[in-house]
There are 4 protein chains.
Amino acid sequence: MIIELKPSVSRDKANELGKQVKGIVVQDKDISCLVTSSKVKEIPSAIAEFVARTHVMDTDIQLASRSYRSATRTVELGNGKTIGGNTGNTVMIAGPCSVEDVEQIAQTATLLNSLNIGVMRGGCYKPRTSPYSFQGLGIQGLKMLADTRTAHGFSIITEVRDATHVADVIEYTDIIQIGAKAMYDHGILRACGATRKPVMIKRGFGTTLQEFVQAAEFVLSGGNADVILCERGIRTFETKTRFTLDLCGVAFLKQYTNLPVILDPSHAMGYRYGIADLTRACTAMGVDGLIIEVHPVPEVAKSDAAQQLNHSEFRELYASLEAVANSVGRKII
Amino acid sequence: MIIELKPSVSRDKANELGKQVKGIVVQDKDISCLVTSSKVKEIPSAIAEFVARTHVMDTDIQLASRSYRSATRTVELGNGKTIGGNTGNTVMIAGPCSVEDVEQIAQTATLLNSLNIGVMRGGCYKPRTSPYSFQGLGIQGLKMLADTRTAHGFSIITEVRDATHVADVIEYTDIIQIGAKAMYDHGILRACGATRKPVMIKRGFGTTLQEFVQAAEFVLSGGNADVILCERGIRTFETKTRFTLDLCGVAFLKQYTNLPVILDPSHAMGYRYGIADLTRACTAMGVDGLIIEVHPVPEVAKSDAAQQLNHSEFRELYASLEAVANSVGRKII
Amino acid sequence: MIIELKPSVSRDKANELGKQVKGIVVQDKDISCLVTSSKVKEIPSAIAEFVARTHVMDTDIQLASRSYRSATRTVELGNGKTIGGNTGNTVMIAGPCSVEDVEQIAQTATLLNSLNIGVMRGGCYKPRTSPYSFQGLGIQGLKMLADTRTAHGFSIITEVRDATHVADVIEYTDIIQIGAKAMYDHGILRACGATRKPVMIKRGFGTTLQEFVQAAEFVLSGGNADVILCERGIRTFETKTRFTLDLCGVAFLKQYTNLPVILDPSHAMGYRYGIADLTRACTAMGVDGLIIEVHPVPEVAKSDAAQQLNHSEFRELYASLEAVANSVGRKII
Amino acid sequence: MIIELKPSVSRDKANELGKQVKGIVVQDKDISCLVTSSKVKEIPSAIAEFVARTHVMDTDIQLASRSYRSATRTVELGNGKTIGGNTGNTVMIAGPCSVEDVEQIAQTATLLNSLNIGVMRGGCYKPRTSPYSFQGLGIQGLKMLADTRTAHGFSIITEVRDATHVADVIEYTDIIQIGAKAMYDHGILRACGATRKPVMIKRGFGTTLQEFVQAAEFVLSGGNADVILCERGIRTFETKTRFTLDLCGVAFLKQYTNLPVILDPSHAMGYRYGIADLTRACTAMGVDGLIIEVHPVPEVAKSDAAQQLNHSEFRELYASLEAVANSVGRKII
């Protein structure tokens with residue numbers, strides 16, 4: 001249950017009432033809200049005088065729910081770009097799977113600049129499933145990304161793998177990516193709730209939509225209103241492709257949540273050949289953003305070699321997207 | 001292995017050679033082919049003199065494979081319409097889940113006529129999972145569909161549920177639909193191999209892509225070259241939506257098979273609210289066709305009430321598709 | 001809803017009442033029942049005078065439900081053996097995947113005789129997913145099985161693949177097996193409802209427990225009370241093993257249905273190495289039966305070569321089962 | 001590839017050679033090993049003189065593989081109990097889902113004492129999927145568990161949820177449990193590799209067997225040889241039960257890895273009713289341990305209320321296990 005308190009209620013009083021109803025106190029702009037379990041359906045009469053409005057909820061998708069806020073949230077991505085809201089923007093995010101070296105990032109920057117793309121991705125803490133694979137450059141990679149931002153004005157999105165380096169990622173990045181394998185991590189979710197930087201949460205490949213949005217609830221109830229969801233494919237019995245992109249699930253997210261949605265066809269497909277078609281499909285779904293892996297020479301990439309587009313393939317794909325976006329009343333930025 | 005015989009080889013001789021290599025004899029237009037298990041990698045020297053060309057295959061996706069035939073097959077749907085090939089057509093198929101009565105079919109006909117849609121769907125043998133639900137009108141429904149065809153010139157597609165009525169369905173319909181629950185049914189697959197009418201096979205919700213295309217191999221190797229594949233959602237752990245539409249799988253089918261592909265977002269989603277977005281996504285994938293459930297009054301439908309669009313919703317959706325199709329160089333017919 | 005009619009109600013009257021409530025008339029021994037959709041929660045007052053008792057049901061698991069009949073059904077398997085009820089029997093069924101030739105069946109008979117096993121399995125209509133694989137001996141195989149029964153007094157269980165040969169299978173076999181790929185087939189389910197021979201239904205690998213038990217409802221509501229369920233593994237994201245044996249699902253079936261349950265670890269595992277351990281686990285679950293694939297020389301088997309035990313492996317496994325069964329108060333027969 | 005160095009090679013030299021082959025240096029008792037990616041199939045000739053033996057591996061399941069070490073590892077659990085090896089022990093671990101208060105833990109201790117069970121479970125950092133649910137007592141709970149150990153001599157197993165408190169868990173517990181949602185967490189895995197306390201890794205519900213065992217490789221290659229695997233159910237399309245216990249997967253783990261395996265039927269089933277049957281099945285599989293949730297009054301439990309047995313149910317189950325264990329040549333400790 002979301003309990004909006006009257007504007008006259010002080011923060012101290014809000015905290016006191018929060019304890020009384022076993023709820024989390026959330027500042028939603030100027031309004032203090034108490035958020036309890038959705039099992040709570042009524043407020044105690046003792047607190048009624050402080051309450052402006054209540055939202056009884058069916059499930060613990062509460063702050064993220066369209067029944068609480070009917071409009072999609074607008075999230076600032078830095079350098080003047082926004083995602084969500086009613087702008088009709090489909091934000092393109094592109095870059096390599098892993099940050100590998102300065103030259104690779106420079107080439108990526110040149111590509112993005114030439115296409116006027118404003119958000120660069122690149123992983124520094126790779127959540128590899130084998131200890132014997134490349135694990136990422138860590139803080140050295142973060143610094144390369146930060147240097148690129150300084151030089152070119154991109155916004156940077158990079159992944160936090162576990163709570164041991166969440167502070168570093170928050171410091172260096174513009175948008176924090178919580179990866180598919182880390183999205184249940186309370187250490188990360190709570191740190192992201194306490195920051196003011198926008199957070200993109202990727203759906204775990206074994207994660208239900210309910211759990212996915214509830215991960216966003218951790219960040220939102222922690223005080224950070226700027227959460228973006230990213231669908232990147234779920235694990236099913238089908239193994240010809242790496243994962244199964246769940247566009248039915250995206251339809252659910254668009255219908256029932258107030259969060260911007262980004263799609264990641266690269267990880268879903270796992271193979272270069274299908275990514276262009278899938279990206280166009282995602283664009284026509286009318287989603288808020290796309291995140292695509294692109295690498296100067298995918299064949300020698302240190303991770304995800306099979307699924308990264310080369311620059312020429314990416315240019316060709318990118319050139320085809322504007323028409324698709326326009327056909328559904330949107331524009332690629 | 002696909003063994004193309006020389007044009008000079010008689011059919012009798014082809015049959016004799018087929019037995020020799022334990023292969024199925026398939027007439028592919030004027031050419032006789034022997035198709036053996038893909039485990040066979042060499043032909044016996046004794047038959048070499050009759051062989052024009054061989055195709056060694058990795059898996060039992062053989063006649064359906066792009067490595068055998070690089071171009072997508074063109075399939076005639078009746079009344080001058082075709083699917084597949086290089087026409088750039090995206091064929092719209094629409095109609096109710098179940099044929100319920102004459103009035104319902106008449107209203108559907110009016111809708112399709114007004115939009116110039118040429119293929120009507122409607123089920124007469126419903127593969128319900130409960131014996132206590134509506135099971136379809138059976139042959140009475142087939143006759144209603146046939147009457148509509150006579151009156152309006154539509155092509156009709158309707159589903160065969162099991163082998164007991166496959167002859168009736170083949171007799172009355174223009175395109176035979178093998179449903180998701182029936183696609184392993186050898187009785188149906190063999191009957192469809194022996195007919196000249198086009199066959200649309202729906203992927204079972206627990207069916208791998210490999211098995212799906214191999215179902216087509218039963219029909220193709222039975223002598224019917226006109227097979228269309230239909231992806232309609234697979235069963236995954238996610239239950240907020242009825243099924244999970246597998247567009248990564250569609251990318252695989254487009255890349256590796258020579259069969260036209262149709263998408264069914266209605267069954268995948270299971271709820272009206274997401275179908276328009278999904279249909280636009282499917283269109284932007286560049287597939288060969290779409291099949292959508294539409295009902296005059298979905299609320300009282302005898303099956304699939306939650307997922308059928310009403311006529312007004314369908315018109316609105318349909319009006320939006322042309323632009324999307326054009327944006328990827330295709331047209332809706 | 002299950003409506004038990006008073007004993008005084010004639011069959012003709014029962015049929016008339018059945019039409020009135022849109023229910024299926026089922027003779028459960030001497031009692032006529034009307035079974036309607038479970039959505040029906042009340043009987044029309046006009047028929048009240050004919051009604052002895054009603055069972056309001058939550059779902060369309062009705063005749064198969066423990067809330068309708070609390071005791072597990074006892075099913076006669078022929079030659080004096082029964083499965084289910086409260087006998088504490090765990091019935092062993094063994095034999096090859098496919099019937100291949102007379103010699104193979106003779107060797108199997110010798111094995112079963114030596115262990116006093118009374119039910120032999122063997123497939124004649126193989127539901128292969130490729131048209132280029134061995135498809136089974138068909139009626140020739142059925143006759144081999146029937147000859148073995150005559151010679152040795154085994155009961156025979158063999159699979160029906162599709163409705164085109166269901167009459168033949170019913171004629172030759174003692175227990176009809178509806179395979180995992182055929183269990184939605186209304187043609188088969190209705191034919192099995194109309195016979196008096198016991199029917200074992202295998203769960204489809206993409207089939208929910210609800211749908212699985214509802215397949216049994218087709219047979220039960222068709223008038224055949226002798227249905228056995230068989231869990232044989234479901235398809236999941238894990239591919240190191242062929243399928244995933246669902247023992248949690250078995251716990252559900254034991255709790256909520258009144259049907260005997262058989263387990264098939266051979267198909268679930270798909271590899272010889274795990275079958276002994278799994279069979280012991282299944283035995284300790286306290287299920288009513290086990291069905292195991294065994295072949296004189298698995299390496300040359302025409303189907304399922306990797307998962308069939310050889311005779312020596314099977315003897316070793318079988319020797320270990322008595323102790324496990326006894327430890328849970330059961331006996332292997 | 002696992003490269004065993006000659007005993008004469010110093011640690012410093014081993015570290016130098018490790019860099020040379022881009023491998024991780026692991027002390028396996030007195031022997032230094034270099035472990036590289038399994039893609040490496042040959043050693044550079046320059047290091048040959050230092051190498052005692054090499055193990056070429058198919059996959060990155062290396063230190064955990066039976067082809068490296070054929071015998072199951074023996075892991076000390078404290079207070080004189082061991083798991084694994086060839087003892088034939090099946091270790092029972094029991095206790096509540098969450099540590100809730102001192103009284104609850106005292107009652108659990110009394111239960112375990114009366115049955116001579118030596119390992120108590122209890123969660124202090126609950127990986128809940130909603131921020132509005134009970135999140136565990138944290139360090140206060142750890143201290144309650146530690147007090148119980150001091151008073152009663154139990155070994156304690158408790159879960160680490162994320163890297164922010166891994167040091168605390170390692171300090172207070174005897175056996176570290178890495179939960180299903182945390183098993184990809186490099187921060188946790190690396191901390192566990194650096195400790196000497198035994199580690200039990202639970203399989204993620206969306207995790208393949210390959211990834212599961214590779215999580216163990218992180219700990220093993222970090223220098224901790226004492227890793228136990230725990231199967232607790234995977235997420236499938238079936239939702240009548242909470243998860244699907246994967247005993248086929250357990251057969252794989254027993255066949256291909258050298259790690260002790262524990263089964264958790266409580267989380268797999270999610271409902272009290274099936275747990276006794278499943279636990280007996282798991283016991284008959286011949287696994288090394290069992291972990292069962294038990295609560296003084298499950299109805300008021302702060303988490304997992306539906307699946308915890310009450311003390312009387314647990315006693316009844318426990319009494320039945322000895323016979324099952326004996327029937328497969330094992331004993332419950």
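Visitor: At what angle do helix α5 and helix α6 of chain C pack?

Guide: The general idea is to compare the directions of the two axes and the distance between them. In this predicted model, α5 (residues 186-193) and α6 (residues 209-221) of chain C pack at about 45°, and their axes are 7 Å apart. Angles under 35 degrees count as roughly parallel and 65 to 115 as roughly perpendicular; α5(C) and α6(C) are therefore oblique to each other.

Visitor: Which residues make the contact?

Guide: From α5(C) come H186(C), L189(C), R190(C), C192(C) and G193(C), while α6(C) gives A215(C), F218(C) and V219(C). By class, this contact has five nonpolar, two polar and one charged residues.

Visitor: How many residues of chain D are in contact with chain C, and what area is buried?

Guide: An interface can be read by residue count and by area. Here 40 residues of chain D are in contact with 40 residues of chain C. The two chains bury about 3100 Å² between them, with 71% of it on carbon and sulfur atoms. F237(D), C248(D) and Y273(D) supply 22% of the area that chain D buries against chain C, more than any other three residues.

Visitor: How many salt bridges and polar contacts are there between chain D and chain C?

Guide: The count is four salt bridges. One of them joins E238(D) to R203(C), with the closest N and O atoms 2.9 Å apart. Eight residue pairs are in polar contact, both residues at pLDDT 80 or more.

Visitor: Which helix supplies the largest share of the side of chain D that touches chain C?

Guide: That is α7(D), with eight residues. By class, this side of chain D has 21 nonpolar, eleven polar and eight charged residues.

Key
Residues numbered from 1 in each chain as written. Chains lettered and ligands numbered in written order. Predicted model: local features only at pLDDT ≥ 70, side-chain atom pairs only at ≥ 80, totals over all residues. Heavy atoms only, no water. Contact = heavy atoms within 4.5 Å. Buried area = accessible area lost by both parts, 1.4 Å probe. Salt bridge = Lys/Arg side-chain N within 4 Å of Asp/Glu carboxyl O. Polar contact = N/O pair within 3.5 Å; in protein donor to acceptor, adjacent residues only side chain to side chain. Helix = DSSP H or I, 4+ residues; strand = E, 2+ residues; numbered from the N terminus. Nonpolar A, V, L, I, M, F, W, Y, C, P; charged D, E, K, R; others polar. Axes fitted to C-alpha atoms, helices over the stretch in contact; angles between N-to-C directions. Parallel < 35°, antiparallel > 145°, perpendicular 65-115°, else oblique.
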